[in-house]
Amino acid sequence: MLKFLGKRLAFGILTLFLIATATFFLVAGAPGDPIAAKVGQMPEQAQEIISAKYGLDKPLFQRYALYMKNLVTKGDFGESIIYTGKTANDVIKENTMVSAKIGLIALVFQVSIGLSLGLVSALKRGKAADHVIRVLVVLAICVPSFVFAAVLQYFLAFKWKLVPVFGWGQWTNYVLPVAAYALGGIASYTKYMRSSTLGVIGEDYIVTAKAKGCTSRRTLRKHVLRNSLIPIVTMVGPALSGIFAGSFVIEKMFAIPGLGFYYVKAVSDNDYTMIIGLTIFFAMLFVGALILVDILYGIVDPRIRVAKGSK
Amino acid sequence: MDEKILEVRNLSVSFHTYAGTSHAVRGVDFYLNKGETLAIVGESGCGKTVTSKAIMGLLPMEQTEIGGSEGAEILFNGEDLLKKSENEMTAIRGSKISMIFQDPMTSLNPTMRIGEQIAESILIHNEISKADALKKALEMLEMVKIPNAAQRLKQYPFEFSGGMRQRAMIAVALACRPEILIADEPTTALDVTIQAQIMDLIGELQKELNMAVILVTHDLGVVASVADRIQVMYAGKIVERGSVDEIFYQSTHPYTRALLSSVPKIHTNNKETLYSLKGTPPDLIHPPTGCAFAPRCEYGMRICRNKYPETVKFSETQECSCWLHHPKADHSGLPENMVRGNR
């Protein structure tokens, strides 16, 4: 197990290195100039001074070597070009938790509601409950989150004045973004849980369980659930990394100072340090989540656990 | 000695499918004596598995219709299983009547330890602690001759070979010492060397626990060595039944004959063509009115297609439903030992 983890970590680090390198050169090769974007009209000398501050006057490979050195030795992503005085690390530190809070709450709702609905839908296959759930799922998947967010804002906030339209700071601010963010996820978890449960119900070992004298409840608890959750684990891991990244659309609509907002803005600003820094950060989360999925997989599925443990 | 433990009367089973109602079992009567082995033989889709699942109450209730208008009965020790509630049936399944299945690779829960799967049926049917149930599970595993049972108990199905999984399945089924074991093609998915071991094991345990076995199979080779009586099914009906000797040496139904001829013999030389029965079984959504085998039968007559033959009794155990045994039938051209009673 340890050996396996070590191997996965080594590959993870290699992946991150490749992503960092690729991003660095791609961003540098992109058209546009961050200095020009920031200051526009400015005497040439001043521009040169700013260029020198960010090392933009140096040859590309020298910049790359310097960047990597700072990244590896100090974990430093560098100072933002747009937000003078702030490093990409600061932005990540200040805003990640905002995105993560909303994302995590939304994820809890997505998983709990999604899995329950999926299970009900599968067990009541072909009955009214199943049809209703399936129609709702298709609807929820088709409606973009910003449309749903707008509908929520209109009714819950504007018409009935239950919660603020947007803003950040009180618990009531959480309600709308969490709901808007969770909807799509609930729908997809429902969909996946339904099909995975139906698959398990059709397996021979479910007949064996019944032939043993298991009641349908016991069959569900002891034989169906665990097996139907296996494919779901694959979905939860990446979703877990996604919550830190936040959703640009949701954050923008509800004026939430989350990371997704900064990420998209960095791209349009041509803010080199921010783009590369945030990309590496998200890649780190994603790689970490995938390793976590592998571990979780081993816990739910003994077939994979032992395969790992063997020499 | 010949005490009937199970009696199936006029059992018919239909499934409602998108294509229409499929009449999988069309009026089947048979009995099972205590401690004996009854083999139900027939090709795929003849209704043998459906019959056994009907006894267990394992058919999907929503799409299934059992009995029809004439009223079927499945009497287990005199009580009609078809009249039992689902709760009463759960109490019988796995404790009084058990079943093992064709494919041991998929019949065990992949994420549950073998020991727990065996212990589960003990836990369900007895007031017993989990630790004691596991102890009994260990005994069961030893009983089905799995080496290193204590260690194997903690393993998962994927760590078992096919033959060992079938042994584990047998341990699951027999954990509560049932009175009847229904073995639905227990050796079909196993290779030949393992087949004999599994059949021997079932035979041994049958004697040890004094249980009756219904062996569902299409493999006559398996049947010959273990069964007491055989009944041959075709298209949802029993066409012939008899003791092992009667079926193997004096079978009277052309279908039984065809099945027997399809088994390769040890002295068959490689120049001979192996007999194979032409054609396919009928579509049971529109079952034929006459004998369902008539279109494939080499002795088929006009009446065969129009009217189902009456059952002719040849001995205490042997019966056959075929027009060839009608007094007016033309017996010329039939193999000599096929015509019984008329000789």
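Predicted model: local features only at pLDDT ≥ 70, side-chain atom pairs only at ≥ 80, totals over all residues.
**Entry: strand 7 of chain B**

I looked up the partner of strand 7 first. Strand 7 of chain B pairs with strand 8 of chain B, residues 180-184, in the parallel sense, and I find 4 bridges between them. Then I picked one residue: the bridge partner of B:M99 in strand 8 is B:I182. Is strand 7 covered on one face or both? Both: B:I97 and B:M99 are buried on one side, and B:S98 and B:I100 are buried on the other.

**Entry: where B touches A**

Next I checked the contact between the chains. I get 24 residues of chain B in contact with 17 residues of chain A. Which elements of chain B give two or more residues to that side? I find helix 2 (86-92), strand 7 (97-100) and helix 3 (114-125), so strand 7 turns up again. Helix 3 of chain B gives the most, with 4 residues. Sorting chain B's side by class, I have 11 nonpolar, 10 polar and 3 charged residues.

**Entry: annotated spans in chain A**

I went to the UniProt record for chain A, an unreviewed entry. Its "transmembrane region" annotation covers residues 102-123, 135-156, 168-189, 228-250 and 272-300. I checked two of these in the model. Residues 102-123 of chain A are 100% helix and 0% strand, with end C-alpha atoms 31 Å apart. Residues 168-189 of chain A come out at 82% helix and 0% strand, and their end C-alpha atoms lie 28 Å apart.

Note on methods
Residues numbered from 1 in each chain as written. Chains lettered and ligands numbered in written order. UniProt positions renumbered as here; feature names shortened; annotations may be inferred. Contact = placed C-beta atoms within 7 Å. Nonpolar A, V, L, I, M, F, W, Y, C, P; charged D, E, K, R; others polar. Buried ≥ 20, exposed ≤ 12 C-beta atoms within 10 Å, placed from the backbone. Pairing = 2+ DSSP bridges.
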